[in-house]
Amino acid sequence: MWTLVVLLVLALAWPVGLALWANGRIQKVDGMNLRGGGPGTTYLIAGSDERDGGIADDGTTGSRADTILVLHVPDRGTTSLISLPRDTYVDIPGHGPAKLNAATVYGGSALLVVAVEQITGLKVDHYVEIGMGGVKDVVDAVGGVELCWDADVNDADSQMVWTAGCHKADGATALAFSRMRKSDPTGDIGRGLRQRQVVGAVMNKVNPTALVFRPDQQVSLVRAATGALRVDGSTNVVTLGRLAMAFRTANGPDGVTGTPPIKSLDYRPGNVGSSVLLDPDTSPAFWSAIANGTVPAGTVGGVPG
């Protein structure tokens, strides 16, 4: 009897203690306190392609938002996960026309939030930045993931070497899979698909029931995840748990994934090079439907033409 009581106490105390420990390890973005306030809950997930130990040195310094995902959970209706191409043409407040990922160069994460709110009309409630170098550690912490891509790839820039089909990928392979775009004719659109696949594969691998009996894997996963993330001031472990559940829902049969309506993948207005132009005629209605949860489940957007 007493043995059962002790086991029950330990079973309850371990996850609580782990959550408190994980919460204390989460890195915050200095001075970022988001107000949100719109209908539903909107998460902005940015992949920071900062040149660190996880990414081969190509001469680039600093941090850029190379992955920009808008995850929206409406008060009712369909949950959506929308990829904004990093080269999206936008008027960045205080700086004029530029590509969207230039916002982080001009004004850091806070300006990226403002620029995304301007594009979408949504109010961002929570910001989560994932260091792309940390992707390797997270994938390795869950023992690798299965990824699929229907093309042979040998891309020097991302170091992605792939034979068409599905393969078990370790952390280094998953990172290359997430970063490759120059050997993909669809550019950032294809890269967005692969990035969502990697994150979805990691989340599917993290089975909460199984992890109860693998405290060693719990600890390694928490270390890897908290090392890879930076968040706004109001985001904590509970928030990240809700984000994970929303991410699963968006990628499930009742969710929405994809891109906003795109008019051109090679828009050249001058002074910014080749950029992605969102469709000015259909985008407002699209984002309104995302906010209201009225977009039918499935995949939206894609390559124009």
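1. α3 passes α5 in a left-handed crossing. This is a predicted model. The axes of helix α3 (residues 132–141) and α5 cross at roughly 35 degrees and come within 11 Å. On the α3 side, Met132, Val135, Val138 and Val139 make the contact. By class, six residues of the contact of α3 with α5 are nonpolar, one is polar and none is charged.

2. Helix α5 (residues 188–205) also packs with helix α8 (residues 237–251). The angle here is about 115 degrees, and the axes are 10 Å apart. This crossing of α5 past α8 is left-handed. From α5 come Arg196, Val199, Gly200, Met203 and Asn204. They meet Ala244, Phe247 and Arg248 of α8. The contact of α5 with α8 contains four nonpolar, two polar and two charged residues.

3. Next, the overall picture. The protein has nine helices and 16 strands. It has 305 residues, and 48% of them count as buried. Take the contacts between residues at least 6 apart in sequence: 66% of them join residues at least 24 apart.

4. Now the aromatic rings. A search of the whole structure gives four aromatic pairs. One of them joins tryptophan 162 and phenylalanine 177. Their ring centres are 5.1 Å apart, with 55 degrees between the planes, and the pair is tilted. Tryptophan 162 lies in strand β10 (residues 160–162), and phenylalanine 177 lies in helix α4 (residues 171–179). The two are 15 residues apart, and the pair links distant parts of the chain. Both tryptophan 162 and phenylalanine 177 are buried.

5. Phenylalanine 286 and tryptophan 287 also pair. Their planes stand at 75 degrees and their ring centres are 5.1 Å apart, so this pair is edge-to-face. The cut-off for that class is over 60 degrees. Both phenylalanine 286 and tryptophan 287 are buried.

6. Back to tryptophan 162 and phenylalanine 177. Ring pairs link Trp162 and Phe177 with Trp149 into a cluster. Tryptophan 149 also has a charge over its ring: the charged end of arginine 194 sits there, 4.6 Å from the ring centre.

7. Is threonine 42 buried or exposed? Threonine 42 counts as buried because its relative accessibility is 2%, and the cut-off is under 20%. Threonine 42 is found in strand β2 (residues 41–48). Set aside its neighbours within four places in sequence. Threonine 42 is then in contact with Val70, Leu71 and His72, and also with Leu122, Lys123, Val124, Asp125 and His126.

8. Cysteine 166 is found in strand β11 (residues 165–169). Its relative accessible area is 43%, so cysteine 166 is partly exposed. Which residues does cysteine 166 contact, leaving aside its neighbours within four places in sequence? They are Glu146, Leu147 and Cys148. In sequence, cysteine 166 and glutamate 146 are 20 residues apart. In space, their C-alpha atoms are 6.6 Å apart.

Definitions and conventions: Residues numbered from 1 in each chain as written. Predicted model: local features only at pLDDT ≥ 70, side-chain atom pairs only at ≥ 80, totals over all residues. Heavy atoms only, no water. Axes fitted to C-alpha atoms, helices over the stretch in contact; angles between N-to-C directions. Helix = DSSP H or I, 4+ residues; strand = E, 2+ residues; numbered from the N terminus. Left-handed = near helix turned anticlockwise from the far one by under 90°. Contact = heavy atoms within 4.5 Å. Nonpolar A, V, L, I, M, F, W, Y, C, P; charged D, E, K, R; others polar. Phe/Tyr/Trp six-rings, centres within 6.5 Å; stacked < 30°, edge-to-face > 60°. Buried < 20%, exposed > 50% of the residue type's maximum accessible area, 1.4 Å probe, protein only. Lys NZ or Arg CZ within 6 Å of the ring centre and 35° of its normal.
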